[in-house]
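Please read the following as a guided walk through one model, taken step by step with the coordinates open beside the text.

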Amino acid sequence: MREVITMTLKAQKRAKILEMVKNKKIKQKDAAIILGICRRQLIRIFKEYLSKGDEALNHKLIGKPGNHRISSDIKEKIMQIVRNNYKGFKPTFIAEKLYEEHHIKIGASTLRLWMMETGLWKKIRKTAKHRTRRPRKEHFGEMIQMDGSIHDWFGTGKEVCLMNMVDDATGTSYGLFDTGETTQVALQCLFDWIMKYGIPYSIYCDYKSLFYTKREATIEEQLAGKLPLTKFERGLP
């Protein structure tokens, strides 16, 4: 009769990846990256897998109480203290008080789970902060939004860049297609805008290396009191 080995999802994933390593479908370094472990750990696990098979991948404590598991009697005593003394308080605060006043050390996360099981605590869902919409500028040319987007715009299977400029006040827009999102394309698009509508008061761009730089100022720039600029910024009129 063939022995049936019960495996966790984690162990099943490891078995599948290690079997691919065994059959030389992927390299060990790639398997380590997929499993989120170091190369040395992958080699150790792979050796055990070759010698013991799937059984080597299951944790030795699976199906058994953990070494650090708290007995049900102690758990009940702790929960009785919580019910009698700290009902309505948050788990983190109660965990601190249990340690300070009762000399009981227990993690806030564990206590939170226990309190949820007994109805003493409800999971609080975090709601997204309300974002107020920025009012549009009042006048044409006060601020231009500029951004590049690479996409298969024409459905030909070939991606091209759409460099787009939009006036914040009126929504007036201008676009330029090119092979990539480069400084030359951005400057050409801005030049076309200026020739058609005039020089804008300000330009708003996404945080990309094309428009922003994190490099430190050179010695020459520091001496001149200048900030480090991108090629796009140096090319502005």
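In this predicted model, four strands make up an open sheet whose order is 3-2-1-4 and whose pairing is mixed.

Strands of a sheet pair through backbone hydrogen bonds, and the sense may be parallel or antiparallel. Strand 2 (residues 160–167) runs antiparallel to strand 3 (residues 173–178), the two being joined over 6 bridges, and within this pairing Cys-161 stands opposite Asp-178 of strand 3. These two strands form a hairpin with 5 residues between them, and in that turn Gly-171 takes a positive phi of about 80 degrees. Strand 1 (residues 144–151), by contrast, pairs with strand 4 in the parallel sense, over 3 bridges, and here Ile-144 has Ile-203 in strand 4 as its bridge partner.

Helix 7 (residues 183–197) packs on this sheet, where it touches strand 1, strand 2, strand 3 and strand 4, and its direction makes an angle of about 145 degrees with that of strand 3.

Lys-24 lies in the loop that links helix 1 (9–22) with helix 2 (28–35), and its phi is near 60 degrees, a positive value in a residue other than glycine. Is this lysine buried or exposed? Lys-24 counts as exposed because its relative accessibility is 76%, where the cut-off for that class is over 50%. His-103, for its part, sits in the loop between helix 5 (91–102) and helix 6 (108–117), and although His-103 is not a glycine, its phi is positive at about 60 degrees. With a relative accessible area of 69%, His-103 is likewise exposed.

The C-alpha atom of Ser-109 is separated by 9.2 Å from that of Ala-95, with the two residues 14 apart along the chain.

How values were computed. Residues are numbered from 1 along each chain as its sequence is written. This is a predicted model: local features need pLDDT of at least 70, side-chain atom pairs count only at pLDDT 80 or more; totals for chains, interfaces and linings use all residues. Side-chain values use heavy atoms; hydrogens and water are left out. Buried means under 20% relative accessible area, exposed over 50%, partly exposed in between (1.4 Å probe, protein chains only). Two strands pair if DSSP finds at least two bridges between them. Contact means heavy atoms within 4.5 Å. Axes are lines fitted to C-alpha atoms, for helices over the stretch in contact, and angles run from 0 to 180 degrees between N-to-C directions.
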